[in-house]
Amino acid sequence: MDHILVTGGAGFIGSNFVHFLVEHTDAKVTVVDKLTYAASRESIADLPADRVSLVVGDIADQPLMERLVAEHDAVVHYAAESHNDNSLADPSPFVHTNLIGTFSLLEAVRKAGTRLHHISTDEVYGDLELDDPERFTESTPYNPSSPYSSTKAGSDLLVRAWVRSFGVQATISNCSNNYGPWQHIEKFIPRQITNVIDGGRPKLYGAGQNVRDWIHADDHSSAVWTILTTGRIGETYLIGADGERNNLDVVRQILAHFGRPEDDFDHVTDRAGHDLRYAIDSTKLRTELGWSPRFGDFEKGLADTIEWYQAHEAWWRPHKDAVEASYAAKGQ
Ligand code: NAD
Ligand code: TDX
């Protein structure tokens with residue numbers, strides 16, 4: 001794999017994977033990214049120009065995708081509309097990018113015969129009860145809740161059908177909630193960190209009992225590379241790092257880091273259809289492909305992430321007021 005095309009490589013997790021490729025392989029990387037509000041040129045700006053190039057474009061642009069895919073040995077597909085709250089306000093871009101965009105990419109991959117790895121989410125499985133002893137596995141039935149997760153579920157099913165019907169050489173991974181540097185401040189952890197940096201209070205949806213299974217974005221990248229290079233074609237692999245925490249505990253940990261009282265937060269209007277709990281059983285990936293996470297310690301990873309946001313205020317500051325105004329308009 002000398003030439004790798006990364007869709008959505010200027011976003012939070014895609015840019016992390018581009019850094020991984022530069023550090024751990026000799027591959028030349030092309031990022032194709034529409035540079036939506038969620039993208040950040042800065043996240044890949046420090047990488048060597050002879051290794052990484054950026055094409056600004058829409059994955060739903062079929063001629064563009066056919067040209068780019070034909071020039072590469074493999075495609076790793078991160079591009080998506082990714083925020084549940086935005087999908088409740090306006091589902092349309094989610095249908096465009098997650099469904100039509102993935103369709104365009106699949107058709108390009110089918111024509112060129114190029115290897116594809118499709119990035120997806122554990123949210124396609126719906127949610128679990130807090131006391132359910134089972135976690136999601138590769139055989140859990142799909143049951144998505146939101147416009148975001150249903151369009152991601154649809155994109156997974158398109159990939160599966162293109163593998164079976166057309167022999168496309170694809171793998172799929174469904175990962176749990178990522179945290180780390182360069183995550184947009186609309187998302188839970190960076191929103192609360194930047195609220196506290198600003199002297200404000202974290203905003204918890206509902207009672208804060210909802211559980212997410214946190215994984216550092218670096219661990220997501222190493223898992224994707226493992227699947228791309230050693231995964232079996234047509235297979236799905238779940239990626240997770242045993243990081244279940246409820247939202248209240250995460251907020252308290254952020255407050256503690258800043259020496260603020262543990263009840264110094266606001267309960268705000270809950271998300272419509274809010275999934276209660278996600279939990280990943282990644283046994284297949286660990287036993288079949290020998291992957292394991294490096295960031296076993298969520299507390300340490302969160303502390304590092306807090307320090308990163310403190311050091312990169314110039315990156316997020318220009319967007320903070322608009323993000324908070326948009327949440328405030330919804331009572332959140
Ligand atoms: P993000 O919103 O930070 O980045 C998405 C990137 O895709 C942006 O750079 C954006 O400009 C680009 N993009 C959007 N529409 C596009 C289009 N039509 N054409 C080209 N580029 C387009 O998202 P993220 O959190 O980095 O998520 C990346 C992928 O990982 C998504 O597929 C998401 O479903 C999946 N995922 C995310 C998480 C998580 O916790 N964030 C967990 C599991 C899976
Ligand atoms: O201000 C907030 N307060 C709050 O309590 C925000 C923004 C969120 N929350 C809650 C909602 C969730 O229970 O925190 C949890 C995490 O919220 P998000 O960061 O919006 O993530 P989530 O909805 O769980 O989805 C994320 O993980 C799966 C990513 O955004 C998806 O792209 C990925 O597929």
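Hi everyone. Before the helix pairs, a word on geometry: axes are lines fitted to C-alpha atoms, for helices over the stretch in contact, and angles run from 0 to 180 degrees between N-to-C directions. Helices (H or I, at least four residues) and strands (E, at least two) are DSSP runs, numbered from the N terminus.

This is a predicted model, where local features need pLDDT of at least 70, side-chain atom pairs count only at pLDDT 80 or more, and totals for chains, interfaces and linings use all residues. Residues are numbered from 1 along each chain as its sequence is written, while chains are lettered from A and ligands numbered from 1 in the order in which they are written.

So, how do H7 and H9 pack? Helix H7 (residues 188-197) and helix H9 (residues 247-257) meet at an angle of about 35°, and their axes are 10 Å apart.

Which residues come nearest to it? Of the 16 around ligand 2, they are Ser 82, Thr 121, Lys 187, Phe 188 and Tyr 205; "around" means a C-beta atom, placed from the backbone, within 6 Å. H7 and strand S8 (203-205) each give two or more residues to this shell, and S8 gives the most, with three. The shell holds three nonpolar, seven polar and six charged residues.

Now ligand 1, with 30 residues around it; Gly 8, Gly 11, Ala 38, Ala 39 and Ala 80 come nearest. Its shell has 13 nonpolar, 12 polar and five charged residues. Helix H1 (12-24) is among the elements that supply at least two, and H1 gives the most, three. Buried residues (20 or more other C-beta atoms within 10 Å of their own, C-beta atoms being placed from the backbone) in H1 include Phe 12, Asn 16 and His 19.

Last, helix H6 (residues 147-166). Its buried residues, including Tyr 148, Lys 152 and Trp 162, pack against helix H4 (84-89), H5, S5 and strand S6 (170-175). Just after H6, Gly 167 takes a positive phi of about 70°. Thanks, everyone!

Notes. Ala, Val, Leu, Ile, Met, Phe, Trp, Tyr, Cys and Pro count as nonpolar, Asp, Glu, Lys and Arg as charged, and the others, Gly among them, as polar. A residue is buried if 20 or more other C-beta atoms lie within 10 Å of its own, exposed if 12 or fewer, and partly exposed in between; C-beta atoms are placed from the backbone. Two residues are in contact if their C-beta atoms, placed from the backbone, lie within 7 Å.
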